Amino acid sequence: MTNLIAVETEMSMSSLDFLNNIINPSRIDAGEKPVRPSDFHARVNDEIDEELNYENFVVGKTGHKTHYTMLNMEQMTLVGMRESKAVRRSVLAKLKVMHGPQIPQTLPEALRLAADLAEQKAELESKLAIAAPKAEFVDSYVEASGSMGFREVAKLLKVRETDFRLLLLEAGVMYRLAGKMTPYAQHLDAGRFTIKTGEADNGHAFTQVKFTPKGIQWVAGLLADKRMKGAA
């Protein structure tokens, strides 16, 4: 019976295999008595404190059925921590070894591993293909130097200024204050905008909002996300 399953870092093992191959050998090495399955499962139920499935069972030489449940890495660690100091050191060391990559022992296991790796590779390539346009779009504006106004940034990003302003309003990046576009505090704190205040020659006070190079790069990503969602 093969009850150990490994997919990347996730694994599970039957409670009987955990008891017979890890817990009891560790107890024997530490000079402690082995635990009977019924007593061990009582400990498992008490520690996990959730409904476990004991529908599966193995049949002994005398015909006696011993039921078991499946335990994941976290559950096995919790159960192992109930043991004495000497025992749990051994248990945790064995679980750590299990945590590493599992080498296929049979042809079906090897084929399953190859299929899993191919599936993971295809998924990764798909994610990269989706992200590539956005990365390329954002990288085009990384070299922007100096602060720029709305019209300059809109021209740089190849978007109409009116659409650009609407995007910033809808995305909660800016709001209108006395008819002027004003960035929210969190975006100012993030260094995406600068606000310059002063007095014109005619004596009127003015406020000027500009995008920093960091802000231009960030808003380029925001626009890329909108375009990708629109294309989808």
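Analyst: A search of the whole structure finds six aromatic pairs. This is a predicted model: local features need pLDDT of at least 70, side-chain atom pairs count only at pLDDT 80 or more, and totals for chains, interfaces and linings use all residues. Residues are numbered from 1 along each chain as its sequence is written, and side-chain values use heavy atoms, without hydrogens and water.

User: Why is the pair of Phe150 and Phe164 called edge-to-face?

Analyst: Rings of Phe, Tyr and Trp (its six-membered ring) pair if their centres lie within 6.5 Å; planes under 30 degrees apart are stacked, over 60 edge-to-face, the rest tilted. The centres of Phe150 and Phe164 are 6.5 Å apart and the planes stand at 65°, so the pair is edge-to-face. Phe150 is in helix 6 (residues 150-156) and Phe164 in helix 7 (residues 161-170), 14 residues apart.

User: What makes the pair of Tyr175 and Tyr184 tilted?

Analyst: The angle between the planes is 45°, with 4.7 Å centre to centre.

User: Why does Tyr175 count as partly exposed?

Analyst: Buried means under 20% relative accessible area, exposed over 50%, partly exposed in between (1.4 Å probe, protein chains only). Tyr175 has 29% relative accessibility, so Tyr175 is partly exposed. Tyr184, at 33%, also counts as partly exposed. Phe150 and Phe164 are both buried.

User: How do you know that Arg165 lies over the face of Phe150?

Analyst: A charge sits over a ring if NZ of Lys or CZ of Arg is within 6 Å of the ring centre and within 35 degrees of the ring normal. Arg165 is at 4.2 Å from the ring centre of Phe150. Arg192 lies over the face of Trp218, at 4.0 Å.

Technical notes:
Helix = DSSP H or I, 4+ residues; strand = E, 2+ residues; numbered from the N terminus.
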